[in-house]
Amino acid sequence: MPLPEYTACMSCHDSSDQNELELISQYFKQGYNNLEILEFLKIHGVTISLSTLKRRLRSLGLSRRDTASDHELKDAIEKELGKSGCFVGCRKMWARLRRKGVISKRSMVMRCLREHDPEGVESRRKKRLRRRAYHSKGPNFIWHIDGHDKLKPYGFSVHRCIDGFSRRLIWLEVGPTNKNPEVIAKYYLEAVKQSGGVPWKIRSDDGTENSVIEAIHTYLRSAHNDENAGMGCFAFGRSTADQRIEAYWSQLVKDGPGWWINFFKDLSDLGLFISSDPVHQECIRFCFLQILRDELYQVAEIWNQHHIASSKFGNSSGPRGKPDCMYFLPHLYNTEDYKVNVDRHEVEEFIDNSTMCPADFREEFEEFAITIINELGLHSPQDVDEGLDLYLRLIEEIENLT
């Protein structure tokens with residue numbers, strides 16, 4: 001499972017073939033302001049003035065003025081509320097719509113949400129929590145990793161890693177398991193390969209699934225001379241006491257997986273999914289895993305590009321801004337990148353020597369499902385509705401065979 005490039009900045013190291021206009025368009029559409037775009041362009045070796053950037057934007061026809069009519073905005077929001085968007089707030093809804101080309105002011109999105117989803121708006125307002133202060137020195141000073149098992153009864157295991165300083169998601173993955181040490185190590189190695197280095201420290205709970213990643217990270221850090229090198233680079237603790245992890249898991253459920261939990265629970269309540277039936281497990285993963293995975297990539301991208309506002313309680317729990325900006329542009333926040341360089345050949349060797357991670361579903365079931373799809377003239381599902389239709393057809397065919 002290769003690490004998805006679900007942020008613009010993940011391609012900073014291998015996008016030299018992209019031209020200037022493509023980069024400008026890419027960063028603009030992801031919601032960055034002009035000064036942030038200029039800073040990101042410097043990472044790609046492109047240095048232009050603010051006035052030149054404005055001319056480029058005009059030539060591309062890119063404007064931050066509203067382009068969506070009230071009717072278009074209403075239809076787009078109603079469509080999002082009909083699926084996993086029913087759990088997200090104003091800022092996340094605005095970001096989702098922007099990605100789909102529906103440009104409108106956040107105030108207009110908020111007004112529309114209050115009109116069409118007043119109960120959701122009030123519920124999110126009441127559930128705001130006051131959290132204790134947290135501090136990390138800079139990006140890549142500490143990564144927090146943990147699994148999320150709310151979807152596990154339905155065959156889906158989520159795992160993620162977040163940077164303590166910037167709150168940027170390093171990875172957000174879903175697969176058939178998050179308890180296999182090789183799977184967690186694969187996520188880590190792909191992230192290290194992309195970034196070209198490792199964090200000073202990693203924090204996780206004391207589970208056996210973290211045994212391989214602990215060994216690899218400790219080995220890669222053993223060649224360094226700082227106080228966290230070697231055995232001091234990996235910390236264990238109860239996941240419920242990990243503020244960064246717990247704060248994001250509560251947010252993650254609201255950003256989409258909460259809807260999926262209800263969706264799969266409805267299938268179960270209707271007798272259409274039996275969790276103890278391995279065939280049902282294979283079938284539901286075949287029909288929905290890639291759709292859920294793509295949505296989580298979108299959730300991660302929106303999270304990494306949203307603005308973390310100042311706390312109304314005034315407690316200091318890190319800098320405020322966009323996670324991608326805080327992670328890739330630490331000089332704007334009076335700090336530095338704590339990433340520690342490692343030998344890329346050693347990382348490649350670990351990847352080459354690692355055992356194969358379990359497939360998303362068994363090869364035999366995949367062959368059966370593809371045969372049914374071809375016979376019925378169907379295609380691989382692209383959204384939830386198509387996934388549900390395929391799931392019901394496959395279950396029907398399986399019951400006919402048995």
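**Ground rules.** I am working with a predicted model, in which local features need pLDDT of at least 70 and side-chain atom pairs count only at pLDDT 80 or more, while totals for chains, interfaces and linings use all residues. I number residues from 1 along each chain as its sequence is written, and side-chain values use heavy atoms, with hydrogens and water left out.

For helices I take DSSP runs of H or I with at least four residues, and for strands runs of E with at least two, numbered from the N terminus. I call a residue buried under 20% relative accessible area, exposed over 50% and partly exposed in between, with a 1.4 Å probe and protein chains only. The areas themselves come from the Shrake-Rupley method with a 1.4 Å probe, and for residues only the protein chains shown count as cover.

**Entry 1, salt bridges.** Side chains of opposite charge can pair when their charged atoms come close. I counted a salt bridge where a side-chain nitrogen of Lys or Arg lies within 4 Å of a carboxyl oxygen of Asp or Glu, and by this rule the count comes to 12.

I looked up R56 and found that its salt bridge is with E20, the closest N and O atoms being 2.7 Å apart. This pair links distant parts of the chain, since R56 sits in helix α3 (residues 50–59) and E20 in helix α1 (residues 20–29), 36 residues apart. R56 is partly exposed because its relative accessible area is 27%, and E20 also counts as partly exposed, at 24%.

I then turned to E39 and K42, whose side chains meet in a salt bridge at 3.4 Å, N to O. Both lie in helix α2 (residues 34–43), 3 residues apart, which I note as about one turn of the helix. E39 has 17% relative accessibility and so counts as buried, whereas K42, at 47%, counts as partly exposed.

I also noted a network of salt bridges that links D149, K179 and E209.

I list P257, G258, W259, W260, I261, F263, F264 and L267 as the buried residues of α11.

K265 and D269 are about one helical turn from each other because they are 4 residues apart in helix α11. K265 is partly exposed at 42% relative accessibility, while D269 counts as exposed at 54%. Just after α11, I found G271 with a positive phi of about 75 degrees.

I built patches from residues with over 30% relative accessible area and no salt bridge, joining like charges within 9 Å and nonpolar side chains (Val, Leu, Ile, Met, Phe, Trp, Tyr) within 5 Å. Lys and Arg count as positive and Asp and Glu as negative, with His and the chain ends not counted; I place each charge at NZ of Lys, CZ of Arg, CG of Asp or CD of Glu.

E72, D75, E78 and E115 form a negative surface patch, and its largest share, 3 residues, comes from helix α4 (residues 70–81). I looked at E72, which is in helix α4 and is partly exposed at 43% relative accessibility.

N140 has a phi near 70 degrees, a positive value in a residue other than glycine. I place N140 in the loop between α7 (118–126) and β1 (142–148), where it is buried with a relative accessible area of 2%. R167, likewise a residue other than glycine, has a positive phi near 65 degrees; I find R167 in the loop between β2 (157–163) and β3 (169–175), and it counts as buried at 6% relative accessibility.

R293 belongs to helix α12 (residues 278–305) and counts as buried at 6% relative accessibility. I recorded 5.9 Å between the C-alpha atoms of R293 and V174, which are 119 residues apart along the chain.
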